[in-house]
Protein chains: 2
Amino acid sequence: MSTKDKIIQTSIALFNQYGERAITTNHIASEMGISPGNLYYHFKNKEDILRHIFGLYKTHLQDNFTPMDKNLDVMPQLAGYLDSLVELMWRFNFFYNNLTDILSRDKELKAQYLEQQTQLVEQVVAVINGLKYAEVIVIDESDIVELAHMVKLTVSFWTPYVKAHSEESTLTKQDIFGGIVKVILLFKPYSHGAGLEQLKQLQQEYSNKQLEVAQAVA
Amino acid sequence: MSTKDKIIQTSIALFNQYGERAITTNHIASEMGISPGNLYYHFKNKEDILRHIFGLYKTHLQDNFTPMDKNLDVMPQLAGYLDSLVELMWRFNFFYNNLTDILSRDKELKAQYLEQQTQLVEQVVAVINGLKYAEVIVIDESDIVELAHMVKLTVSFWTPYVKAHSEESTLTKQDIFGGIVKVILLFKPYSHGAGLEQLKQLQQEYSNKQLEVAQAVA
DNA sequence: GTCTATAGAGCGATAGAC
DNA sequence: GTCTATCGCTCTATAGAC
């Protein structure tokens, strides 16, 4: 791995563990065993590092949040989206923990984020419509965009919510599954009959994942 | 107003406008036209100020989130809770914008927050049960706590969500009403018949408030 | 590409006069 | 209760040698 890539990876790891605010460029360099000067050879400044990390975030979403295929079953596709959200929430949780700060310090990054999130809400709307046409849920047209924002809000801020509510602020991967359960909860009351049973099953699967990991640790 | 109270009020105002991270003790003193030394006469440090502000936050919730009266109509009481949440989300929005950071820097405050939020989830559960017994909503026993957390998550992180999605990061009070609409959206799909009509009307009221204020400014 | 050394700036907090 | 002055620390970022 190139030094540049290693700086990115180390930054992500340290930001996630200690928070973006607490980690300085010196900490990153020190953790890697390189000099601060070397770090600044590869990146203009800390914001430059954050922009590169945002690039990875964006790529992850572009690669995994592809449009639904109407010829395939809807539930496996939904499960695929949820799995990719687990990865997203886990890998970039530091970003959500300091979203306002990070964006307010860097207008360019904020513009990129805004554009990206505008796309994202459209993609979530498309998924909701997919569930609607597959008759998994029944929902008024006027509520769809609102629900899409609630999904986005939940995914974005589940990890800060968990951190604020746990004694030790160290996030574990099973904590993330709890957030997915909440996302499914958002859809569930719009669902009836066979669709409801499918969603209940999916929710149960993620509840189980939560416990499995916990038991593996114990 | 005493200097001590004025420091608290000025801090809240500056934190809300510029973010807690960006505002130093020097900024607060300078804004008030007092010396940094004077500020440190009244408060041990910045965390001390934040703890006092949290005290106000806690008091606001204690005063406004009183248990439901089963002898009175449920909807006016719900509206009362929602109005008090508007105030909370508006007055202390800086707190939610930096929640993880603020709590990770001060173990004592974190403990207080944890205790307070544990109480709060119980109170939200009580409100949901109130809606259930008044037959405004129909909800499985097993979903109630999960829904309560979703309400809390929405209230906590609506303002950071809005800030992240607006060009200028200055929050207005009508933005808050949008969050209340989202909270009502959480309840709506559990509702049917007469209860649904009541919730729709309530949601419409807050949607209107959103627009009224916007027009008053224009 | 990597290092050492350090400039430059800001922040938190205190001492001591009034 | 309020001020001025300032110390010590940390952080960002750069200069210049290798």
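Colleague: Where does A:Glu135 lie?
Modeller: A:Glu135 sits in the loop between helix H8 (107-133) and helix H9 (141-165) of chain A. Helices here are DSSP runs of H or I with at least four residues, strands are runs of E with at least two, and both are numbered from the N terminus.

Colleague: How are the numbers and letters assigned, and what kind of model is this?
Modeller: Residues count from 1 along each chain as its sequence is written, while chains are lettered from A and ligands numbered from 1 in the order in which they are written. The model is predicted, so local features need pLDDT of at least 70 and side-chain atom pairs count only at pLDDT 80 or more, whereas totals for chains, interfaces and linings use all residues.

Colleague: Back to A:Glu135: what is its phi?
Modeller: A:Glu135 has a positive phi, about 60°, and is not a glycine. Most residues other than glycine have a negative phi.

Colleague: How are chain B and chain A related?
Modeller: Chain B superposes on chain A by a rotation of 180° with 0.0 Å of shift along the axis, at an RMSD of 0.0 Å. The two copies are therefore related as by a two-fold rotation axis.

Colleague: Which C-alpha of chain B is nearest the axis?
Modeller: That of B:Pro189, 2.7 Å from the axis.

Colleague: How many residues does the contact between the chains take?
Modeller: The contact takes 30 residues from chain B and 30 residues from chain A. Two residues are in contact if their C-beta atoms, placed from the backbone, lie within 7 Å.

Colleague: Which elements of chain B give two or more residues to that side?
Modeller: They are helix H7 (99-105), helix H8 (107-133), helix H9 (141-165) and helix H10 (173-187) of chain B. H9(B) gives the largest share, 13 residues.

Colleague: How do the residues on that side of chain B divide by class?
Modeller: They divide into 14 nonpolar, 10 polar and 6 charged. Ala, Val, Leu, Ile, Met, Phe, Trp, Tyr, Cys and Pro count as nonpolar, Asp, Glu, Lys and Arg as charged, and the others, Gly among them, as polar.

Colleague: Different topic. What does chain A consist of in secondary structure?
Modeller: Chain A has 11 helices and 0 strands. Its C-alpha atoms fill a box of roughly 60 × 45 × 30 Å along the principal axes.

Colleague: What share of chain A is buried?
Modeller: Of its 218 residues, 33% count as buried. Among the contacts in chain A with a separation of 6 or more, 69% are between residues 24 or more positions apart.

Colleague: Into which domains is chain A divided?
Modeller: Domain 1 (1-43) and domain 2 (47-217), with bounds from an automatic or database domain assignment. The C-alpha centres of these domains of chain A lie 28 Å apart. In chain A, 10 residues of domain 1 are in contact with 11 residues of domain 2.

Colleague: Now the DNA. Which residues come nearest to DNA strand D?
Modeller: Of the 15 residues around DNA strand D, A:Thr24, A:Tyr40, A:Asn45, B:Ser35 and B:Gly37 come nearest. A residue is near a molecule or strand if its C-beta atom, placed from the backbone, lies within 6 Å of it.

Colleague: Which helix gives the most to the surface near DNA strand D?
Modeller: H3(B), with 4 residues. Helix H2 (25-32) and helix H3 (36-42) of chain A and helix H3 (36-42) of chain B each supply at least two. By class, that surface near DNA strand D has 5 nonpolar, 9 polar and 1 charged residues.

Colleague: And which residues come nearest to DNA strand C?
Modeller: Of the 15 residues around DNA strand C, the nearest are A:Ser35, A:Gly37, B:Thr24, B:Gly37 and B:Asn45. H3(A) supplies the largest share of the surface near DNA strand C, 4 residues.

Notes:
Least-squares fit on C-alpha atoms with pLDDT ≥ 70 in both. Buried ≥ 20, exposed ≤ 12 C-beta atoms within 10 Å, placed from the backbone.
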